[in-house]
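Me: I would like to go through this model term by term, asking in each case what the label rests on.

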Amino acid sequence: GGGEGGGGEGGGAGGGEADSAAGEESMYVSVGGVENGGASAERVMRSAFEVLDDNCVSLKAQYALARRVVLWRGAPPSDSGGVDAASCRAVAACIAEVHEGSGVLEVPILAAARHERGRGHGSVLVALLVQMGAALGCRLLVVSATTESARFWLTMGLHTLAGCSPEIRATLRELAQSSQRRGFANSIAMAMPLPRVPRRRGDAGAGGGGWLSCGAAGGGALAAAFARLLARVPPEQALAAADAPSALGYEDINSAGSFKLAADGRRVPIAYSPGERMQIGVPYAKLQAFCTPGSRGWGVRASVPVARGTVVVEVRGRMLSDAEYAEVSDTSYIVSYDDATLALKRAAGENELFFDLREQGNVMRLINDCMEAPNLQLVYHPQPDLSQNPPVLPRRAYLVAKHDIPPMVELTWNYGPHYERPWLDAQAGVSHAREEAPPKSRRRSRPSPGKAPAAAVSVRGESREGSGTVG
């Protein structure tokens, strides 16, 4: 386990000068045993979990070879390694262990201090771990994610096993079979390959810990993490849901509701009974459009916490029949019911089958796709009841929180298996003749309506099924 100390040295050495861009505060990383960070680091880790294995925090039993890695902000520590609580605070901490035989750096837990979340400190700590692991000659970074944290790890470049290469999956299977993995029950294993760097003399034999300054002068992932930290977009620079339409070029009909067009071109509002309504738990004014990092364009987040099972937003737009849908050449921003529901609605003679959000809609049209760890689920309402005459069939669609979502976290849902994602083929090295994925508003292909399989989510104690296809 002593190698982690060498990793801290290797990771911190690339950091260069201490970061003093924010309030003249510096940042430091310390690596060591259970004494590293003391009660401050333990509070940071425990604040992120309702239940946490004491052995993990205390580095006992199966975690005896692991190390604590703590990110500090404030004045530098004393020569003796002491921390002045008044001038230096722990902003993030994790437990890390090197599995030398398999070349894996495993992180069973990582947390940011509760009052420091959303400020980029977790990203900096992950970047440091990447440099530490690479300096130690590790090939993979493996973490145990919760449903709430999976989205964060995706933005850090890690993937669930389904999104990893066969080689990575094989390594993780071997690690699990050898009983070396420290993942928790019900956690999600996620991994990423680490960059190959020359191993420096002394990296593997350094002591059990130490302090290193880190800053924006570092290269690679660490520099990018500091760039994100220093360039965080303040909430006030986001677009309110009411302001997004004029800026992004669509008409907001969230207040008016869905409609269909009459033969003479008039808009006919869709009338719903009281039993067809679900209570939306997030005020529309609390939803924000913001420019996401990278090339994913605009996304949506909530400025308030969202509890599991909360209805976040309704799918609202112009309703299309089969004939109207068949005439559409650009099916961007069209949401469908699933196959079974479409069949029932057609058999009942219903014509309101597709939600067209291309020109009229609400902020839901900006919520991005995520296959691996979506935090929202598309559900239909009301549930089918074929015993009635006429049968009760779904006529509305909502996005519901799959788990608790902290404020300012991007909202995502899975567009379904028939949404074309050519960039995933490119990332996997699969040859294809398709062009590189165009911008978001043009890259959605016309689907076979409703081919997505149903999935379930609990909404206020009821099981409601739904999934959709985005055109």
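Reply: Contact means heavy atoms within 4.5 Å. Among the contacts in the protein between residues at least 6 apart in sequence, 76% join residues at least 24 apart. The model is a predicted one, in which local features need pLDDT of at least 70 and side-chain atom pairs count only at pLDDT 80 or more, while totals for chains, interfaces and linings use all residues. Residues are numbered from 1 along each chain as its sequence is written, and side-chain values use heavy atoms, with hydrogens and water left out.

Me: What makes a stretch count as a helix or a strand, and how many of them are there in the protein?

Reply: Helices (H or I, at least four residues) and strands (E, at least two) are DSSP runs, numbered from the N terminus. By that rule the secondary structure of the protein comes to eleven helices and 25 strands.

Me: Why is Gly33 called buried?

Reply: Buried means under 20% relative accessible area, exposed means over 50%, and partly exposed lies in between (1.4 Å probe, protein chains only). Gly33 has a relative accessible area of 12%, and therefore counts as buried. Its place is in the loop between β1 (26-32) and α2. Gly33 and Ala66 are 33 residues apart in sequence, and their C-alpha atoms are 7.7 Å apart in space. For the protein as a whole, buried residues make up 49% of the 471 residues.

Me: How do you know that the buried residues of α2 line one face of the helix?

Reply: In α2 (residues 38-46), Ala41, Val44 and Met45 are buried. Seen down the axis of α2, the buried residues fall within an arc of 95°, so they line one face of the helix; the arc is that of the directions from the helix axis to the C-beta atoms. An α-helix has 3.6 residues a turn, so residues three or four places apart point the same way. What covers the buried residues of α2 includes α3 (54-58), β2 (67-74), β3 (88-99) and β4 (104-112).

Me: What makes β21 an edge strand?

Reply: Two strands pair if DSSP finds at least two bridges between them. The open sheet of three strands has the order β15-β22-β21, with antiparallel pairing. β15 (311-314) and β21 (376-381) each have a single partner strand and stand at the edges, so one side of each is left without a neighbour in the sheet. β21 and β22 (residues 396-401) pair over six bridges in the antiparallel sense, and the bridge partner of Val379 is Tyr398 in β22.

Me: Why is β14 described as largely enclosed, and which strands does β14 pair with?

Reply: Four of the five residues of β14 (residues 298-302) are buried, so this strand is largely enclosed by the rest of the structure. β13 (residues 287-291) and β14 pair in the antiparallel sense over five bridges, with Val300 in β14 as the bridge partner of Ala289. Two bridges join β14 to β23 (residues 410-413), and these strands run antiparallel; Arg301 stands opposite Glu410 in β23.

Me: What makes a set of residues a nonpolar core, and which residues touch the most other members of the largest one?

Reply: A nonpolar core is a set of buried Ala, Val, Leu, Ile, Met, Phe, Trp, Tyr and Cys residues joined through side-chain atoms within 4.5 Å. Of the 42 residues in the largest nonpolar core, Leu287, Met364, Ile367, Leu376 and Trp413 touch the most other members. A second, separate core of 35 residues includes Leu128, Leu141, Val143 and Met190.
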